[in-house]
Amino acid sequence: MILGMTVQNVDKTLSRKQRLQEKQRRQLSVVDTVDKAEGKVRKAEAELAVAVTEAVQVFGDEQSASEALDMSVEAIRRFLHMARNEAADADTPAEAAAKS
């Protein structure tokens with residue numbers, strides 16, 4: 001007696017609706033993963049901005065911090081700008097609450 005095995009292609013057995021739902025599920029999963037990663041990047045950049053601000057204070061100026069950190073002055077300025085924006089954003093809700 002000979003037994004035969006058949007291999008079924010999953011895509012062919014699913015209906016169009018099921019294939020679309022599966023594709024959408026995968027797309028949403030990818031979008032969710034990217035969103036989470038972006039959140040982590042924003043948090044890391046905010047932490048780096050604080051550290052760069054401290055480095056500028058410790059080393060005295062942007063140029064000295066740039067040399068000590070082996071980071072371009074433009075990058076130093078970008079992180080200083082980010083830190084200022086974060087500080088301004090943190091102050092805004094407190095001011096709004098105080099005025100209420």
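Read along the sequence, the predicted model follows the pattern α-α-α-α. The protein has four helices and zero strands; both are DSSP runs numbered from the N terminus, with at least four residues (H or I) for a helix and at least two (E) for a strand. Residues are numbered from 1 along each chain as its sequence is written, and side-chain values use heavy atoms, without hydrogens or water. Because this is a predicted model, local features need pLDDT of at least 70 and side-chain atom pairs count only at pLDDT 80 or more, while totals for chains, interfaces and linings use all residues.

Buried residues make up 12% of the 100 residues. Buried means under 20% relative accessible area, exposed over 50%, and partly exposed in between (1.4 Å probe, protein chains only). The protein exposes about 8500 Å², and carbon and sulfur atoms supply 55% of it. Accessible areas come from the Shrake-Rupley method with a 1.4 Å probe; for residues, only the protein chains shown count as cover. Of the contacts (heavy atoms within 4.5 Å) with a separation of 6 or more, 39% are between residues 24 or more positions apart.

The structure holds five salt bridges, each a side-chain nitrogen of Lys or Arg within 4 Å of a carboxyl oxygen of Asp or Glu. Within helix H2, Lys-36 and Asp-32 lie four residues apart, about one turn of the helix. Their closest N and O atoms are 3.4 Å apart. Lys-36 counts as exposed because its relative accessibility is 53%; Asp-32, at 38%, is partly exposed.

Glu-45 and Arg-78 meet at 4.0 Å, N to O. This pair links distant parts of the chain, with Glu-45 in helix H2 and Arg-78 in helix H4 (residues 73-99), 33 residues apart. Glu-62 pairs with Arg-77, the closest N and O atoms being 2.6 Å apart. Here Glu-62 in helix H3 is joined to Arg-77 in helix H4, 15 residues away. Glu-62 is partly exposed at 24% relative accessibility, as is Arg-77 at 47%. Salt bridges with shared partners also join Glu-22, Arg-25 and Arg-26 into one network.

At the start of helix H3 (residues 62-69), a side-chain oxygen of Asp-61 comes within 3.4 Å of the backbone nitrogen of Gln-63. Asp-70 follows H3 and has a positive phi, near 55°.

Val-58 lies in helix H2 (residues 16-59). Val-58 counts as exposed because its relative accessibility is 61%.

Technical notes: A polar contact is a pair of N or O atoms within 3.5 Å; within protein, one must be able to donate a hydrogen and the other to accept it, and residues adjacent in sequence count only if both atoms are side-chain atoms.
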